[in-house]
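Subject: Structure handover

Hello,

Here is the structure we discussed handing over. Please look through it alongside the notes that come after it.

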Amino acid sequence: MLRFTVLGPVGASFDGREVPPVAPRHRAVLAYLLLHARTAISADRLVGAMWGLTPPDTARAQVQASVAVIRRVLREAGAPELLVTRSAGYVLQTEPGQLDLEEFTGALAGARTAGEVRAALGLWQGQALADVHADFVEEARTRLEDRRLGAVERLAELELEAGNHASLIDELAAQVAAHPLRERLSGHLMLALHRAGRQADALAVARAFRAALAEDQGLDPSKTFLALERSVLHDDEPAPAQPTTRQSHLPYDLPDFTGRAPELARLVESPTRNRRVVTISAIDGMAGIGKTALAVHVAHRLAEHFPDGHLFVDLHGHTPGQVVCQASTALEMLLLQLGVTPDRLPVTLADRAALWRSELVNRRVLVVLDNALDADQVRSLMPGASNSFVLITSRRRLVDLDGAFTLSLDVLPADEAVELFTTIVGDRAVADQDAVMTVLRLCGFLPLAVRIAAARLRHRSTWSVAYLAERLGEQGRRLPELSTAERGVAAAFTLSYRQLDEDQQRMFRLLGLHPGADVDAYAAASLADLPLWRADEVLGDLLDAHLLMQHEPGRFTFHDLLREHAGATALEHGPEEDALARMFDHYLYTASQAIDLLFPDGTARRPRVLRPGTPRLELADRDGAAAWLDAERVNLVKVAVHAADLGRPGYSSAMSITLFRYLNNHAHFLDASALAKAALRAAENDGDLAGEARALIDLAVTQKRLGLTGPAVEYARLAVSRHEELGDRFGEARSLLALGRFRLEQGAYDEAYTFSRRAAEAFDEVGEPINRAAAECGYAAAYREQGRYEEALAVLDRARAVFRSHGHTSGEAHVLHSIGLVNHRQGHNAEAIDHHLQALAIYRELRMKAGEMEVLNSLGEAFRSAHDPARAVEDHTLALDLASSMYDRWAQAQAHAGLAHAHRDLGRSDLARAHAAQALHLLTELRSPEANGVRLLLAAL
């Protein structure tokens, strides 16, 4: 019979004859395969196990050579072919009784007497993996040694219960000397010494343990240890040691476990508060979110509350290369861990479940069921009438598990992610916190990604945090960087993807093509060409599988790393041009519908779009239209820019034209600029002169709003020229109107008047009374700056009548504001304030922040002239807040200048100087003639 050993030197024997030893590297590969017997181990995983993150170039070749040598040696010894190759990797197919580690585990599970435990311990032939050197060895050896020490502690309990304390003292003293931080060993030695009449020696053991624990870990002993110490101190006989089958099968608790305080509090509270019924808690979350780490940490925190055992089973619901653990197999593992002997194990699932419930009736056991596939997999594993605690982890929400408290994990908060990364990396992270935050953002604050990135940096002594951030930031490199031979973010995501059904996989891929921030069911239905109800159902499935997140009801988004993975998966699967076309049609149609409701006067000038063939959202009123545009704004801009990048100029141009008034009036200037640039690029590439002309004027307006008056003038001049070439009098008029406004702010009042007058005449020619009225407001402003106040007011009165007759409230607000400006110049401050307040009320009702911002600055000027500088400060401050949020540098400059004057009037020289300096800086950059006046103010302060 073939027999392998890992509990000591690693080796093999066949029918009692030693198999010739192999070289150290081959022995390390054999050891790793034995520790993972009957599990497929890929070559990459073996490379990582041997060399960690720094394998040599020949690593894969060395692994293959090792496998070949192991096969040859076993074959020459007469052993059967046990090391086979599968699609998932190499498998060492050991059978029961062939591996000393498995024999030890089985013998210990069935042991009831001290002799049986000693027999199990007799299988150890020294330090585990004694002659193996590889990256994986230290962690594996620590784990095995912990299991050996658990058996030693169990042996001591049985010997003490049998009254063999005197013969146990020397054996325990040696173990305590070798393992001074092992609390149970020290406790057993104390008890043996006390029962032998050696109270002083027993208390010395207690003091030594306390000192060692404090020095090494900064901790105090447990309550159980303290109670034993008190009993010895008072020379009382501690409660007799009871025979116990308690075993702790928990994995080790991460020494650098970080954060999760609210989650810990919720998980720890429930089982400690309710001790009379079984407590079930289920932790769910996306791959790599830290579910197992949290569950194991909670289990260790709660261990002392469950004296009858701490059980752990990996159900392999989401483990690469592993078959999902069936409920019957899981019950076998749990019953063996609980101490049920193999001969008592029933055959059927129902009988095993019944025995499991029966064994737990009078016990308090902590059970961790890790990596569950779904609720069906764990339902048979639930205790019946018991005081036990079951903690389950799964990537899916276990909504069908009745009576369970569920907790969905989110990514780490920034401060906890920084703490985790810094704990692993050390001084390099402390020295460059800005780079650390960049790395963490690129990791999406996902614990697995953070740990892998930190481990990669820790093993690269020449790397800086900034260099790691640079590597992670390179296009297409982030997911490959966040992987090791043992684990990887992309691999974890891939397994979650493969467990989806066909519709769910397709939706996941298609959402990866979406360039925007989030989706609703209508957008998803358009991408997948599904009925609305089915799209909503599939989105819910992806949400339950933690492949999507829901930041508000009805709107779904990806974690950043999952978005990248979905996009890569979509590219691997093949093009989906029809899906993108359907999505473009959905957004353009709904946006056009919304804009028509908000701005009906411009309907004839906007492109008409066809009704899409996918489910349509029919907007009923202005409020619904505004709400939809506000929710979808980022998506609409990104989708339009994406269409331009994909060579669909018609779509990007149509969306730019459709959205311009909404974006401009609501002060989304950066979005308007991005959209206009995309439309211009697409039109130029397609040779579309009309589209180019329209994009130029939109771009001119947005550049002006962003404080770039010089470029705005140039774009406007180009737009005038293009429209003249096309013979488009409406487009020419619109370009002239914008050019007039820009030249007005540059102080070229005569030109401003001329351009505005030409625009009014052109609008008149094409039958555009509202736009003519807007152009008249333009040359009324030129009149105002030239001191021709009565002429300005006459023109504004005519324009106001036109706006009123057409129900154009925003135009009327503009006129009211303009009249107020003229009143202010005339020194009629009360009238100016009244007109400004009327305009402000309209702009706020219409939610037009750009107009609100301009009026607030004008109100500040009027109130200051009316000798109310305190109110001026309030209005200019509100204007500055709006201007800053909208990146309107011109309005920021106006607000700073107004605040400088108002604070000066209030005697606040320091504040006045600070605002004047800001205003001067901005106005100088904007090349505004108003800079001279602010310069004089600053000199006088």
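The notes below cover the sheet, the cysteines and the salt bridges.

This is a predicted model, in which local features need pLDDT of at least 70, side-chain atom pairs count only at pLDDT 80 or more, and totals for chains, interfaces and linings use all residues. Residues are numbered from 1 along each chain as its sequence is written, and side-chain values use heavy atoms, with hydrogens and water left out.

Sheet. Three strands make up an open, antiparallel sheet in the order β1-β2-β3. Strands here are DSSP runs of E with at least two residues, and helices are runs of H or I with at least four residues, both numbered from the N terminus; two strands pair if DSSP finds at least two bridges between them. At the edges lie β1 (2-5) and β3 (17-18), each pairing on one side only. Strand β2 (residues 11-14) runs antiparallel to β3 and is joined to it by two bridges. S13 is found opposite E18 in β3.

Cysteines. Zero disulfides (cysteine sulfur atoms within 2.5 Å of each other) turn up in a search of the whole structure. C443 is buried, at 0% relative accessibility, and C777 is buried too, at 4%. Buried means under 20% relative accessible area, exposed over 50%, and partly exposed in between, with a 1.4 Å probe and protein chains only.

Salt bridges. The structure has 59 of them, a salt bridge being a side-chain nitrogen of Lys or Arg within 4 Å of a carboxyl oxygen of Asp or Glu.

- R534 pairs with D503, with 3.0 Å between the closest N and O atoms. R534 is in helix α25 (residues 532-544) and D503 in helix α23 (residues 502-511), so the pair links parts of the chain 31 residues apart. R534 is buried at 15%, whereas D503 is partly exposed at 32%.
- R847 and D630 form a salt bridge at 3.9 Å, N to O. The two are 217 residues apart, with R847 in the loop between α38 (829-846) and α39 (849-865) and D630 in helix α28 (residues 622-645). R847 is partly exposed at 42%, and D630 is partly exposed at 36%.
- R722 bridges to E692, the closest N and O atoms being 3.1 Å apart. This pair connects helix α32 (residues 709-726), which holds R722, with helix α31 (residues 689-705), which holds E692, across 30 residues. Both R722 and E692 are buried.

One network, joined by salt bridges that share partners, takes in R456, R471, E474, R477 and E481.

Regards
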